[in-house]
Amino acid sequence: MKKILFFTLFLASFVLKAQNYGAINQILDRLEERKGINQNLENVNIDDKKFVLIKDFEDHTERSFIIIKGKNITYVEMFDDKATGKSTSNVFSGDIIRKKNIVSLRADQLENKKIPIPVTKTLLLTKQKEILYLIDINSRERWIDEEAYSKKSK
């Protein structure tokens with residue numbers, strides 16, 4: 001009788017631990033998704049995508065866009081001065097290389113004129129709640145897919 005009771009308690013504790021591990025695994029999966037690691041996004045098409053980054057400062061607002069067309073990119077920086085209301089922009093063009101979830105861009109032309117030091121960015125492609133993001137590996141800035149951003153603001 002003691003053996004049967006001991007065996008039943010052992011099985012019950014094992015089942016409870018397995019449920020605990022399942023909950024822990026779900027939490028870890030969500031955390032990994034939030035960090036952008038361990039995602040297989042090789043099959044996600046980023047051709048004809050536009051990513052947006054908006055930074056708001058006291059005296060000005062910076063809006064940046066990355067527009068991907070095949071192997072070519074257009075990188076646009078827009079600066080809006082809050083005091084005067086004037087906007088200025090820089091339009092860079094260049095190319096990208098994509099390996100798995102890493103996107104490297106090199107913009108070596110400013111308004112169709114070659115520049116001596118190209119603008120380079122290394123970005124990690126991630127997906128959270130069906131929204132694509134590019135995370136700058138160096139600065140941790142998050143570029144959101146423009147389609148998702150325009151849906152959010154509506």
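Which residue lies over the face of Phe 65? That is Lys 50, at 5.3 Å from the ring centre. The rule for a charge over a ring is that NZ of Lys or CZ of Arg is within 6 Å of the ring centre and within 35 degrees of the ring normal. Arg 142 also meets that rule, lying over the face of Tyr 133 at 4.2 Å from the ring centre.

A word on the source. This is a predicted model, in which local features need pLDDT of at least 70 and side-chain atom pairs count only at pLDDT 80 or more, while totals for chains, interfaces and linings use all residues. Residues are numbered from 1 along each chain as its sequence is written, and side-chain values use heavy atoms, with hydrogens and water left out.

Now the strands, which are DSSP runs of E with at least two residues, numbered from the N terminus. Two strands pair if DSSP finds at least two bridges between them. The hairpin of β2 and β3 has 2 residues between the strands, and Gly 70 in the turn has a positive phi of about 65°.

Next, β3 and β4 are antiparallel over 9 bridges, with Thr 74 opposite Ser 93. Their hairpin has 5 residues between the strands, and Gly 85 takes a positive phi near 80° there. β4 and β5 run antiparallel and are joined by 8 bridges. Lys 99 has Ile 102 as its bridge partner. In this hairpin, with 2 residues between the strands, the positive phi belongs to Lys 100, near 55°.

Is Asp 56 buried or exposed? Asp 56 counts as exposed because its relative accessibility is 57%, and exposed means over 50%, buried under 20% and partly exposed in between, with a 1.4 Å probe and protein chains only. Asp 56 is in strand β1, residues 49-56, and stands opposite Thr 61 in β2. Beyond four places in sequence, Asp 56 is in contact (heavy atoms within 4.5 Å) with Thr 61 and Lys 82. Its side chain makes a polar contact with each: 3.0 Å to the side chain of Thr 61 and 2.7 Å to that of Lys 82. A polar contact is a pair of N or O atoms within 3.5 Å; within protein, one must be able to donate a hydrogen and the other to accept it, and residues adjacent in sequence count only if both atoms are side-chain atoms.

Then Lys 121, in strand β6, residues 113-128. Lys 121 counts as buried, because its relative accessibility is 15%. Among its contacts beyond four places in sequence are Tyr 75, Asp 136 and Trp 143.

Ile 73 is in contact with Phe 92 and Leu 105, among others.

Technical notes
Helices (H or I, at least four residues) and strands (E, at least two) are DSSP runs, numbered from the N terminus.
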